[in-house]
Amino acid sequence: MPTIALLLASNVLMTIAWYWHLKGGMGKPLFAVILISWGIAFFEYCFGVPANRIGYASGWSAGQPKIAQEVIALLVFGVFMVTFLGQPLHWRHAGAFCCLMRGVGFLFWGRG
């Protein structure tokens with residue numbers, strides 16, 4: 001599904017834009033980090049905006065791509081946190097994911 005694929009690409013870029021500087025970039029000036037992150041976020045928007053348009057045009061409500069994005073964001077961040085930042089997953093991460101999945105179920109339930 002193109003909406004999910006575009007949301008995935010969007011979230012990978014946004015996670016990088018927001019968190020890349022936490023490992024190895026803490027010595028950089030904050031203004032430089034912001035400018036670099038904005039540059040990365042531009043490409044994130046190139047995926048995120050079409051994802052929402054395609055989803056909406058395919059019959060998704062405005063809220064459905066947003067809640068799907070939140071779940072994808074948590075998955076992407078979990079992978080990023082472990083692989084790039086070297087931090088372990090905790091049971092609270094699984095709990096948060098389960099709560100979000102319930103939200104997805106509520107929003108998509110009964111969708112014709």
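These questions and answers cover a predicted model of one protein.

Q: What pattern does the protein follow, read along the sequence?
A: The predicted model has zero strands. Its secondary structure elements are four helices. Read along the sequence, the pattern is therefore α-α-α-α.

Q: How are H1 and H2 oriented, roughly parallel or roughly antiparallel?
A: Helix H1 covers residues 2-19 and helix H2 covers residues 30-57. Their axes come within 8 Å and cross at roughly 160°. Angles over 145 degrees count as roughly antiparallel. H1 is therefore, relative to H2, roughly antiparallel.

Q: How many nonpolar residues does the contact of H1 with H2 have?
A: On the H1 side, the residues include Leu6, Leu13 and Ile16. On the H2 side, they include Ile40, Phe47 and Ile54. By class, the contact has five polar residues, one charged residue and, as nonpolar residues, 16.

Q: How far apart are the end C-alpha atoms of helix H4?
A: H4 runs over residues 91-108, which is 18 residues. At 1.5 Å a residue, H4 should span 26 Å. The model agrees, because its end C-alpha atoms are apart by 26 Å.

Q: Which residue with positive phi follows H4?
A: The phi in question is near 80°. The residue that follows H4 with this value is Gly110.

Q: What share of the protein's residues count as buried?
A: The protein has 112 residues. Buried means under 20% relative accessible area. The share that counts as buried is 30%.

Conventions. Residues are numbered from 1 along each chain as its sequence is written. This is a predicted model: local features need pLDDT of at least 70, side-chain atom pairs count only at pLDDT 80 or more; totals for chains, interfaces and linings use all residues. Side-chain values use heavy atoms; hydrogens and water are left out. Axes are lines fitted to C-alpha atoms, for helices over the stretch in contact, and angles run from 0 to 180 degrees between N-to-C directions. Helices (H or I, at least four residues) and strands (E, at least two) are DSSP runs, numbered from the N terminus. Angles under 35 degrees count as roughly parallel, over 145 as roughly antiparallel, 65 to 115 as roughly perpendicular and the rest as oblique. Contact means heavy atoms within 4.5 Å. Ala, Val, Leu, Ile, Met, Phe, Trp, Tyr, Cys and Pro count as nonpolar, Asp, Glu, Lys and Arg as charged, and the others, Gly among them, as polar. The expected span of a helix is 1.5 Å times one less than its number of residues. Buried means under 20% relative accessible area, exposed over 50%, partly exposed in between (1.4 Å probe, protein chains only).
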